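Thanks for coming. I will walk through one protein model, starting from a single residue and then stepping back.

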Amino acid sequence: MLPAVREEGTRLGLAAVGVASAVDGVRQVYEWATSVICAAISYLPPEQVSPESEPHGLIARIARGADYHQVLRGKLHELAKAILMRHPSARLEICVDTNPLPERKLAVLSGIGWRGRNGCVYVEGCGSWVALGEIVTDLPLEDPTAHQLEDRCGDCRRCIDACPTKAIREPHRIDRGRCLSALTQASGSIHDYLRPTMGNRIYGCDVCQEVCPQNAGTVATNPEFAGQVFPGAFPGILPLIEMTPSYYDAVVKGTSIGWIRRNRIRRNAAIAAGNLKCESALTALTPLLSDENPMLRETAEWAIKEIEGSASKRK
């Protein structure tokens, strides 16, 4: 059955499909599970040129265009339908970041990729620019040819050395309390000492992947992630700070970054304005000083001090 599943996955545009046994981390969520079909899709978008005319933020590549959750879930839904055509009584559950599954461990066990020192899963032809998804099933699937791929990092430490906050404590172990990708998505205030390391990041961080030699030469191949849609790579900072509830609902909510919600996006944009010492952002930041949200009030106060302090030094 697995060859047919892989063939259908290729037709659907998946970069890799494999199968792993339902390990304990899966059975804790789905007691009935026997196997997990693991899939990867390349989300790498075409590179964009940063604008010079306005202060702008930075979005990680995984969130610059189409929402990979929607794209990958749609493909896994079609794959599940193909499986049910062969096994109508099978129990299937599609997972794309919706359940606490050990998806990276499963991807490695299934043989579709290997784990880099930065914690990312690398898939042949795609590098680490992949999103992972699973179909949990009670079907007893096995792949006699599956084997765990060898680690290709060797002695390389580029990702560890390049991390802006030194969040990669050791190979495969990431301190999420310092990881900029996690911080931009987390709720609450961000510690003062970490804010300067964020630069102009609004969502995510790609540094550990950008410096990785294993990603050299990887190009965008998936047209589903090539569209010019919000937020893009370099959204303007001022519109993000001034984002109204109606604008969020109409433009942002359904996008790849909408799930972190309006105030976290505004917080990150305010920090970006402070780091850029962006005087043109003062008008947008000032109303936040009286916002009902204490996180926004405190972040705006910090950003304004950063901007005004820089301006006074130049006089």
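Let me begin with Arg91. Leaving aside neighbours within four places in sequence, Arg91 is in contact with Trp32, Val136, Thr137 and Asp138, where contact means heavy atoms within 4.5 Å. Trp32 is 59 residues from Arg91 along the chain, and their C-alpha atoms are separated by 8.7 Å. Arg91 is found in the loop between helix 3 (68–86) and strand 4 (92–95). Helices here are DSSP runs of H or I with at least four residues, strands are runs of E with at least two, and both are numbered from the N terminus. With a relative accessible area of 44%, Arg91 is partly exposed. On that scale buried is under 20%, exposed is over 50%, and partly exposed is in between, using a 1.4 Å probe and protein chains only.

A word on what you are looking at. This is a predicted model, in which local features need pLDDT of at least 70 and side-chain atom pairs count only at pLDDT 80 or more, while totals for chains, interfaces and linings use all residues. Residues are numbered from 1 along each chain as its sequence is written, and side-chain values use heavy atoms, with hydrogens and water left out.

Now the whole protein. The protein has 12 helices and 10 strands. Its radius of gyration is 21 Å, close to the 20 Å from the globule rule for 315 residues, so the protein is as compact as a globular protein of that length. That radius is taken over C-alpha atoms, and the rule is 2.2 Å times the number of residues to the power 0.38. The C-alpha trace spans about 70 × 45 × 35 Å along its principal axes. Of the 315 residues, 50% are buried. Among contacts with a separation of 6 or more, 73% are between residues 24 or more positions apart.

Next, helix 4, residues 103–110. Which of its residues are buried? They are Glu103, Leu106, Ala107, Val108 and Ser110. The buried residues of helix 4 pack against strand 1 (16–21), helix 2 (24–27), strand 2, strand 5 (114–115), strand 6 (121–122) and strand 7 (130–137). Just after the helix, Gly111 takes a positive phi of about 85 degrees.

His56 is in the loop between strand 2 (35–42) and strand 3 (58–59). Is His56 buried or exposed? At 16% relative accessibility, His56 counts as buried. Not counting residues up to four places away in sequence, His56 touches several residues, including Ser50, Asn200, Phe234 and Leu276. Pro239 is 183 residues from His56 in sequence, and the two are 9.7 Å apart in space, C-alpha to C-alpha.

Asp291 is in the loop between helix 11 (282–285) and helix 12 (294–314). Asp291 has 17% relative accessibility and counts as buried. Beyond four places in sequence, Asp291 is in contact with Arg266, Leu296 and Arg297.

Last, some backbone details. Most residues other than glycine have a negative phi, and most peptide bonds are trans. Lys166 is not a glycine, yet has a positive phi of about 55 degrees; Lys166 sits in the loop between helix 5 (158–162) and strand 8 (168–170). Lys277, also not a glycine, has a positive phi of about 55 degrees, and lies in the loop between helix 10 (261–276) and helix 11. Finally, a cis peptide bond joins Phe230 and Pro231, with omega about 10 degrees. Pro231 is in the loop between helix 7 (207–210) and helix 8 (237–241).
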